Amino acid sequence: MVVKIEQILETGLKLDEPIGLQLLQEALGGAGQDTGFRATQPSTLHASFRKVSGGVLLQANFTAHVAAPCKRCLADVTLDVPVSFTLNLVPESLARGEGVGGKDEAADDRNPAERGGSFELEDTDQEVFDGKTIDLDPIVREQVLLALPMNAVCREDCKGLCAQCGQNLNEKLCGCQPKVVDPRLAPLMNIKLN
């Protein structure tokens with residue numbers, strides 16, 4: 001998905017673009033990373049673009065339909081993850097211009113290791129683009145990853161799996177005895193606390 005700057009008029013530009021299943025799959029499991037989530041169906045990106053201060057303001061949202069194993073019982077869980085974001089897209093020419101006589105000059109005096117992971121807090125919602133076209137695919141990939149939950153559970157009161165036999169305790173109780181306490185630690189069970 002590519003948007004040309006000349007398509008964005010003074011009144012702005014609104015787009016409803018399909019997000020293919022392949023793009024979502026690449027975001028969730030491509031480039032040698034496995035998030036544990038997989039895309040289940042395509043989505044639609046609802047985006048609006050406005051020209052502001054030499055750059056472009058992008059406001060967009062979509063719903064990512066994903067599935068993952070429950071972290072407690074390993075049953076398959078489907079989720080509809082809402083993704084909403086606002087980005088200030090800055091042309092490369094303006095981004096490079098900040099360093100000349102600006103605030104980035106002091107950062108150049110430090111060694112590269114200090115400079116590598118540092119950024120200004122107000123720059124967190126900025127993306128740099130070539131000044132002529134905006135490629136939405138990498139933006140969608142990044143925003144999907146940022147919106148994913150840390151892990152999925154099938155329900156809040158999920159009982160998980162038995163640690164001894166592996167039975168899914170949501171389906172039925174297994175009858176295993178509670179884990180036996182290590183005999184070396186058994187005297188600690190008799191300690192009375194006031």
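How many salt bridges does the count come to? The count comes to four, where a salt bridge is a side-chain nitrogen of Lys or Arg within 4 Å of a carboxyl oxygen of Asp or Glu. This is a predicted model, in which local features need pLDDT of at least 70 and side-chain atom pairs count only at pLDDT 80 or more, while totals for chains, interfaces and linings use all residues. Residues are numbered from 1 along each chain as its sequence is written, and side-chain values use heavy atoms, with hydrogens and water left out.

**Salt bridges**

- Glu26 and Arg141 meet through their side chains in a salt bridge, at 3.2 Å from N to O.
- This pair links distant parts of the chain, with Glu26 in helix H1 and Arg141 in helix H5, 115 residues apart; helices (H or I, at least four residues) and strands (E, at least two) are DSSP runs numbered from the N terminus.
- Glu26 is partly exposed at 35% relative accessible area, and Arg141 is partly exposed at 27%; here buried means under 20%, exposed over 50%, and partly exposed in between (1.4 Å probe, protein chains only).
- Another salt bridge joins Asp76 to Arg38, whose closest N and O atoms are 2.6 Å apart.
- Asp76 lies in strand E6 and Arg38 in strand E3 (residues 38–41), so this pair ties together parts that are 38 residues apart in sequence.
- Asp182 and Arg184 also form a salt bridge, at 2.6 Å from N to O; Asp182 is partly exposed at 26%, whereas Arg184 is exposed at 70%.

**The nonpolar core**

- The largest nonpolar core has 38 residues, and those with the most contacts inside it are Phe49, Leu58, Phe62 and Ile134; such a core is a set of buried Ala, Val, Leu, Ile, Met, Phe, Trp, Tyr and Cys residues joined through side-chain atoms within 4.5 Å.
- Strand E5 (55–69) is among the elements that each supply at least two residues of this core, and E5 gives the most, with seven residues.
- Not counting residues up to four places away in sequence, Leu58 touches several residues, including Phe49, Phe85, Leu136 and Ile139 (contact means heavy atoms within 4.5 Å).
- In soluble globular proteins, nonpolar side chains tend to be buried together.

**A closer look at Asn168**

- Asn168 is found in the segment after helix H5 (136–147) and counts as buried, at 13% relative accessibility.
- The side chain of Asn168 reaches the backbone nitrogen of Asn170 at 3.0 Å.
- Leaving aside neighbours within four places in sequence, Asn168 is in contact with Cys73, Gly160 and Leu161.

Key: A polar contact is a pair of N or O atoms within 3.5 Å; within protein, one must be able to donate a hydrogen and the other to accept it, and residues adjacent in sequence count only if both atoms are side-chain atoms.
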